[in-house]
Amino acid sequence: MAVEAAEARTPRRRHGSMALGDLLLREASAERADAAGGERPGVAAGQAARARKGEDYALLKQSCERHPGASFSAFAMFDGHNGAAAAVYAKERLLANVLGCVPAHLTRDEWLAALPRALVAGFVKTDKDFQTRAHSSGTTVTLVIIDGSVVTAASVGDSRCVLEAEGSIYYMSADHRFDASGEEVGRVTECGGEVGRLNIVGGAEIGPLRCWPGGLCLSRSIGDQDVGEFIIPVPFVKQIKLSSAGGRLIISSDGVWDALTAEMAFSCARGLAPEAAADQIVKEAVDSKGLRDDTTCIVIDIIPPEKPKSTIHSRKKARNGFSLLKNIFIRKKTSDTLSHADTERTSEPDLVEEVFEDGCPSLLRWLDSEYPIRNMFKLFVCAICQVELESGQGISIHEGSSKPGKVCPWDGPFLCHSCQEKKEAMEGKRPSRDSSSRNSGSSE
């Protein structure tokens, strides 16, 4: 009878189901256990800089939490131009804006799968919010998030992130200079901008390709209110998974990369601790070209854990057990994905593995997914600025597509009116605001 009474007092769950709160607590406990188990690589970082204009800013956060027990590291380079306001603002707000685009209690696999789109939304929100402050400055941004052996980088402009691992060099960012990309030149001219070099008396052209009005030599940045909105904040995003050997990252402003190649930077600092390595890279760059620009460098070592190496498996081993949210959140360019933390720990390949890469400038492509993860808990939320929307207030990203009639809740993601206007201006679908040329006529 006592057993029957106890059973009567215990709520029954049909078919072995579990309450959402209990499930989230269990997953958080599993992540804490992983961290305590010593299997995550360590992270060590150092920074060095020499200033000429004082417009370079760096962010080094070796320990961040998205929720208790789920930690990551974040590093970023902000190279301002036409003043430091945009660089300072992005340093203060960007990371929080990115995290605001991801629900707090996702599993690690779901968080890593959500991160590329969250980075894009965070960059666009930071740019949109900064431009309400009526500053004309702008900034390049390279933001790197490290979670265990997974490195995710997002970049606009020409600050650069490079990785050395397993004896090879990997470029984690893309240069958004007009001289480096004919596709970016074409995109800007189609949206109403003009791209060309400075003309001097006699018709001779000098200097790098620039966008007019404004004279900016970058096709993507945060800020730059005095240039047309075809200069976009949509970043290039790349995510890779390191092998058990770890690796070294260098994030630097163009003051370094105008003087040194990636090979030269890694070579001159090999064997040095991160802070000494960063100082040596800056010294080599300044000695080579002189202090013509702010020259800043961050060096990050991803240190393998102290444990025996597992058996090496084939890179093309089939994977399974992916979460639903991970499969439907982003379009991956490769068939390989991150392994499931609980079921695939012994089958991870001991090689550097590309998980995701995309630099598409179309915001629609980034937002268009079968199931917007941010709206998993709040159905009506702007996919960019995260403002809550009343039913019927939001504008579906599918509006104007082949879906006629009233927009239904499942036709999201949704944008608020101001983010929709921002998106249309970036894509050249409405006239950009009037712009005036910079007094300096340069991006640096």
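Buried here means under 20% relative accessible area, exposed over 50%, and partly exposed in between (1.4 Å probe, protein chains only). Everything below comes from a predicted model, in which local features need pLDDT of at least 70, side-chain atom pairs count only at pLDDT 80 or more, and totals for chains, interfaces and linings use all residues. Residues are numbered from 1 along each chain as its sequence is written, and side-chain values use heavy atoms, with hydrogens and water left out.

**View 1. Cysteines without a disulfide.** C360 is buried, at a relative accessible area of 13%. C416 also counts as buried, at 10% relative accessibility. The structure holds zero disulfides (pairs of cysteine sulfur atoms within 2.5 Å). For C416, the nearest cysteine sulfur belongs to C419 and lies 3.6 Å away.

**View 2. Helix α3 crossing helix α4.** Let's look at α3 (residues 85–99) and α4 (residues 108–131), whose axes come within 8 Å and cross at roughly 140 degrees. Axes are lines fitted to C-alpha atoms over the stretch in contact, with angles from 0 to 180 degrees between N-to-C directions; helices are DSSP runs of H or I with at least four residues, and strands are E runs of at least two, numbered from the N terminus. Among the contacts (heavy atoms within 4.5 Å), Y89 and L94 are on the α3 side, with W111 and F123 on the α4 side. The contact residues divide into 13 nonpolar, three polar and three charged, with Gly counted as polar.

View 3. Strands β6 (residues 160–165) and β7 (residues 168–171) run antiparallel, joined by four bridges; pairing takes at least two DSSP bridges. L163 stands opposite Y170 in β7. Two residues lie between the strands, and E166 takes a positive phi near 55 degrees.
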